[in-house]
Amino acid sequence: AIYTLFLLLSLLCSCNGGKYPQYLLEADSLCMANPDSALTLLKGKEKAVKAESEASRMYFWLLMAESEDKTYTPSSTDSVIDVVTDFYSQRGTPLLQVRSLYISGRKAFNSSKYASSISHFKNVIRTDVGNDSMGNIYKAKASCWLGSIYEKWCLYDKYLLYNKYGLEYAKRCNSNEWKALALCNIARYYRYVKKDIYSIKYYKKAYMISSENGNEVISNIIANELTATYIDLGMLAKARSLLQTIAKKHEDTDYAQDYFVRAYYYQQTGQYDSAVYYNKEGIERGDLGDKAEAYLDMARIYIKSKELQQALQYYENYSQAISEIDEKKGPEYSDFVSNFEHQLEIEQQNVKLMKDRSHYILIYCTLFCAFFVFVFVIIRYIKEKRRFYIEQQKHINDYWIEHRKRDLQSIRDNEQRIKHLEHALLTSNEQLSDTQRKLLESESSILELKNKQYVLDKERQTLLINDFKTSEIYKKYHDAKSPLPASDRHELI
């Protein structure tokens with residue numbers, strides 16, 4: 001009984017020891033839906049967590065980093081996030097591994113350390129989480145952020161590839177938010193490659209999903225991009241209809257992009273006063289990058305309306321905005337450019353390697369084809385020669401057979417004629433004159449001589465062949481047992 005009680009107490013202690021403190025579990029539940037509250041809770045526990053176990057401290061800093069990322073708060077976890085990632089790579093569950101890797105990738109991305117960010121995001125994708133919904137959400141996020149890096153570098157094929165991955169992972173976890181974002185990014189790819197007509201299909205799917213999901217921010221972004229696509233394609237009636245839908249559906253929102261897309265519509269339809277008004281409204285609400293683009297659009301509008309002084313003023317504003325952007329980018333921009341150049345160099349090397357490989361493959365294929373043709377021609381030539389030789393032998397054999405038949409037939413005809421002449425001489429002694437008798441006798445003698453000549457010719461041929469078979473030159477090229485070829489016999493005789 002004492003042993004059983006001790007065992008139960010040990011199990012109870014081990015179970016309690018494996019749990020995180022309650023405030024960490026509460027912060028985890030808040031992190032997804034209400035990251036501001038999670039961050040406030042965690043900041044109030046920074047001192048208390050120091051007394052907790054190593055696993056609790058690692059979990060605390062993971063939640064802190066994730067809450068800061070979601071609330072766009074200046075990071076206080078840059079110095080510990082790599083330690084957290086290493087800890088979970090060795091001891092964490094697949095879900096904790098992908099969470100820590102994803103946050104590390106986001107930290108690197110925000111610091112413009114894109115090579116490191118790519119490495120972390122790819123490790124997120126490689127980690128096997130099975131059918132875990134949360135794990136697949138992080139994979140969807142990592143895929144889409146990977147795509148955004150390649151978007152910065154204008155590597156649009158990879159941008160499309162990773163957003164397709166993101167769409168697949170979003171489907172696995174049934175995340176409508178990331179489905180909509182991935183579809184929107186795929187639509188944006190088709191705009192980049194000047195296939196706007198294809199982008200409309202993906203924008204529509206993304207807008208439908210985001211609207212059903214009730215995410216106004218994403219829905220508004222997609223609607224504005226779809227409107228701009230309609231305008232680019234000259235589908236102004238559809239663009240105006242969608243603008244009216246946006247105005248009704250998002251009447252309580254006040255996004256700068258809503259004003260800029262309206263300004264773009266009025267600019268394309270030649271209503272410059274309205275375009276100027278909406279651009280000014282957008283400038284008041286937009287960030288520095290939006291303002292720079294709007295200043296340039298305003299300058300172009302004033303040039304079209306021949307108000308050159310106003311155009312010069314907005315060109316000056318545009319120049320100042322670009323200067324401020326460059327100053328703010330500072331080392332981050334330099335790092336981005338260096339990374340871009342590095343990636344571009346890698347891509348160029350890959351292209352060169354593929355070209356060299358294709359060149360060698362083409363050479364090898366050409367050589368193989370030439371060799372194949374050469375072998376085919378040789379085989380065809382040998383077959384033709386063999387066929388010609390066989391036909392020649394057949395003609396020679398046919399000739400000799402026919403020649404022998406003629407000789408035999410001549411001998412038989414002569415013998416018949418001789419018999420007839422002898423019979424005529426025996427039965428017609430009184431009727432024939434001396435001259436006629438002599439003629440018949442002469443003819444009979446001639447025919448007998450011809451028959452002897454045929455026989456002698458045959459014997460001569462046999463002697464010549466036998467004599468040739470015993471010669472040194474024949475033995476050099478012929479087996480003693482094999483018959484003399486008809487062509488050799490023909491040449492000999």
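This is a predicted model: local features need pLDDT of at least 70, side-chain atom pairs count only at pLDDT 80 or more; totals for chains, interfaces and linings use all residues.
Let me begin with a term: a residue counts as buried under 20% relative accessible area, as exposed over 50%, and as partly exposed in between, using a 1.4 Å probe and protein chains only. By that rule Asp 28, at 22% relative accessibility, counts as partly exposed.

Residues are numbered from 1 along each chain as its sequence is written, and side-chain values use heavy atoms, with hydrogens and water left out.

A search of the whole structure finds 15 of them. In one, Arg 99 is paired with Asp 28, with the closest N and O atoms 3.4 Å apart. That pair links distant parts of the chain, since Arg 99 is in helix H6 (residues 94-110) and Asp 28 in helix H2 (residues 22-33), 71 residues apart; helices here are DSSP runs of H or I with at least four residues, numbered from the N terminus.

Another salt bridge joins Asp 69 and Arg 106, at 3.0 Å from N to O. Because Asp 69 lies in helix H4 (residues 54-71) and Arg 106 in helix H6, this pair ties together parts that are 37 residues apart in sequence. Asp 69 is buried, with a relative accessible area of 12%, and Arg 106 is buried as well, at 4%.

Arg 106 also lies over the face of Trp 145, at 4.0 Å from the ring centre, where the rule asks for NZ of Lys or CZ of Arg within 6 Å of the ring centre and within 35 degrees of the ring normal. Trp 145 in turn belongs to an aromatic cluster with Phe 109, Tyr 114, Tyr 150, Trp 153, Tyr 162 and Tyr 165.

Which two residues of helix H8 and helix H9 form a pair that ties together parts 12 residues apart in sequence? Rings of Phe, Tyr and Trp (its six-membered ring) pair if their centres lie within 6.5 Å, and planes under 30 degrees apart count as stacked, over 60 as edge-to-face and the rest as tilted. By this rule the count comes to 22 aromatic pairs. One of them is the answer, Tyr 150 and Tyr 162, which are stacked at 5.7 Å centre to centre with 15° between the planes. Tyr 150 lies in helix H8 and Tyr 162 in helix H9, and both residues are buried.

Tyr 190 and Tyr 202 are stacked too, because their ring centres are 5.6 Å apart and their planes are at 15°. Here Tyr 190 sits in helix H10 (residues 176-192) and Tyr 202 in helix H11 (residues 196-213), 12 residues apart. Tyr 190 counts as buried at 15% relative accessibility, and Tyr 202 is buried at 16%.

Finally, back in helix H9 (residues 156-173), we find Leu 160, which counts as buried at 11% relative accessibility. Leaving aside neighbours within four places in sequence, Leu 160 is in contact, meaning heavy atoms within 4.5 Å, with Ile 186 and Tyr 189.

How values were computed: A salt bridge is a side-chain nitrogen of Lys or Arg within 4 Å of a carboxyl oxygen of Asp or Glu.
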